[in-house]
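Please look through the structure below with its sequence at hand. The paragraphs that follow begin with one residue and its surroundings, and then move on to other parts of the chain.

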Amino acid sequence: MNHFHYNDGRLFAEDVDLTQLAEKVGTPFYCYSSATLARHYRVFADAFPKGTLIAYSVKANGNLGVLRTLAELGAGADVVSGGELKKALKAGIPANRIVFSGVGKTRAEMMLGLDAGIHQFNVESEPELVALNGVAKDLGKRAPITIRINPDVDAKTHAKITTGTSENKFGIPWSRARAAYTLAASLPSLEIVGVDMHIGSQITELSPFEAAFARVADLVKTLRADGHAIKRIDLGGGLGVPYAPTDPAPPAPELYGAAVSRAVADLGCDLILEPGRLIAANAGVLVSRVTYVKEGEAKKFLILDAGMNDLIRPAMYDAHHEIVSVREAPNSAVYDVVGPVCESSDLFGANRRLPELKEGDLVALLTAGAYGAVMASAYNARPPAAEVLVKGEQWAVVRPRMSDDELIGLDRIPGWLAPQA
Ligand SMILES: *Cc1c(COP(=O)(O)O)cnc(C)c1O
């Protein structure tokens with residue numbers, strides 16, 4: 001369910017005509033729908049008991065306009081860097097609704113979190129426990145912590161986004177969970193508040209979640225028997241979204257919520273969830289203009305002004321994004337849709353059925369609101385796409401495109417070289 005639809009033969013975002021918007025802001029640009037963000041947030045939040053902390057995963061889409069929209073709905077935040085922490089605070093998300101995840105928190109980042117008074121640190125290794133204890137001690141504080149335990153289940157998702165098996169860098173191995181809690185309990189500047197897990201992203205079946213929730217529930221009982229005060233369970237994010245019409249429908253949030261309840265309701269813990277993609281993916285499109293239609297020997301190429309530097313998911317994860325014409329017309333042609341970047345992997349989709357298009361026409365890449373703009377780079381010295389947020393008939397540029405001068409101006413020629421001519 002989203003708020004991008006055709007109106008009189010032209011694609012709209014809520015009540016904003018994307019063709020007119022493209023004239024005003026230039027292409028390529030990301031366009032996000034406030035109504036879709038709000039709808040997804042509410043549907044997800046409503047699937048859990050009152051009082052559950054919905055800590056939106058900032059890494060999916062950390063634009064301040066998006067964060068502020070979610071903050072007004074009551075969202076907390078899951079952050080994975082000091083930069084994301086500052087963004088969440090700047091968007092008005094209260095510190096006591098922010099959790100800090102990630103395998104490589106630096107001491108400086110720990111200090112930021114402690115100074116702000118965040119809800120908890122999700123600690124991912126024994127050395128991190130020791131480091132956080134030291135930083136908290138120096139500040140005269142106690143750090144609220146969970147330990148991210150790796151439940152060692154196969155999330156059945158793409159290899160680059162699975163995180164819950166024994167072979168990847170995230171979390172503490174299942175076999176060391178009790179020992180890690182014993183270590184944490186011996187460190188006086190840490191306060192154990194719960195357990196944490198996150199098994200991966202774009203998971204479209206309930207069974208891996210159910211397996212992981214069951215293991216975590218068992219662990220809570222074991223840890224309590226060991227004398228630890230486990231009062232919170234953070235179950236991570238990872239619920240997938242359909243990208244292609246043929247994709248299996250991921251479990252509805254109600255079913256996911258029911259599975260959580262079945263597994264952990266009797267433990268009496270406060271719950272935390274960290275959805276990212278589910279909230280933001282369908283709330284965004286990437287609008288791009290056709291630069292050329294090129295007849296290859298075997299194929300017809302639609303060369304766009306957006307490239308893999310703007311949206312890297314197809315190149316990085318073999319991800320599928322639906323591509324539609326902004327002007328509604330019957331699909332009568334087949335194209336390989338590509339960007340201008342000098343890499344063969346700069347391919348948004350092969351053999352895509354689209355209307356007959358010409359130079360200057362607009363297309364939209366759908367389901368691009370999560371892991372889109374946040375992963376953009378300036379590869380090929382291309383300033384990444386602008387970002388626009390729509391609400392009803394209002395729109396605002398929430399991140400302008402950098403000018404070439406701004407982008408180039410970040411470089412410096414060192415003093416030992418002659419200044420440029
Ligand atoms: C990426 C991530 C999330 C969000 O995952 P989605 O698949 O976008 O829901 C949540 N928690 C942690 C720790 C993450 O790394």
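**A walk through the predicted model**

Leaving aside its neighbours within four places in sequence, leucine 365 is in contact with Gly284, Val285, Leu286, Leu304, Leu311, Glu322, Ile323 and Phe348, where contact means heavy atoms within 4.5 Å. This leucine belongs to strand β19, residues 362-365; helices (H or I, at least four residues) and strands (E, at least two) are DSSP runs, numbered from the N terminus. Leucine 365 is buried, its relative accessible area being 0%, on a scale where buried means under 20% relative accessible area, exposed over 50% and partly exposed in between, for a 1.4 Å probe and protein chains only.

The model is a predicted one, in which local features need pLDDT of at least 70 and side-chain atom pairs count only at pLDDT 80 or more, while totals for chains, interfaces and linings use all residues. Residues are numbered from 1 along each chain as its sequence is written, and side-chain values use heavy atoms, with hydrogens and water left out.

Taken as a whole, the protein chain has twelve helices and 21 strands. Its radius of gyration, taken over C-alpha atoms, is 23 Å, close to the 22 Å that the globule rule gives for 421 residues, so the chain is as compact as a globular protein of that length; the rule is 2.2 Å times the number of residues to the power 0.38. Along the principal axes, the C-alpha atoms fill a box of roughly 70 × 60 × 40 Å. Buried residues account for 54% of the 421 residues, and among contacts between residues at least 6 apart in sequence, 69% join residues at least 24 apart.

Next comes a pair of helices. The axes of α5 (residues 107-116) and α6 (residues 126-139) come within 10 Å and cross at roughly 55 degrees; these axes are lines fitted to C-alpha atoms over the stretch in contact, and angles run from 0 to 180 degrees between N-to-C directions. The two helices are therefore oblique to each other, given that angles under 35 degrees count as roughly parallel, over 145 as roughly antiparallel, 65 to 115 as roughly perpendicular and the rest as oblique. In their contact, Arg107, Met110, Met111, Leu114 and Asp115 of α5 meet Glu128, Ala131, Leu132, Val135, Ala136 and Leu139 of α6.

Alanine 143 is in strand β9, residues 143-150, and counts as buried at 0% relative accessibility. Serine 189, in the loop between α7 (177-185) and β11 (190-196), is likewise counted as buried, at 9% relative accessibility; with the same exclusion of residues up to four places away, serine 189 touches Asn133, Ala136, Lys137, Lys141, Arg142 and Ala143.

Some backbone details remain. The peptide bond from threonine 27 to proline 28 is cis, with omega near -5 degrees, and proline 28 sits in the loop between α1 (18-25) and β4 (29-33). Aspartate 8, although not a glycine, has a positive phi of about 55 degrees, and is exposed, with a relative accessible area of 80%.
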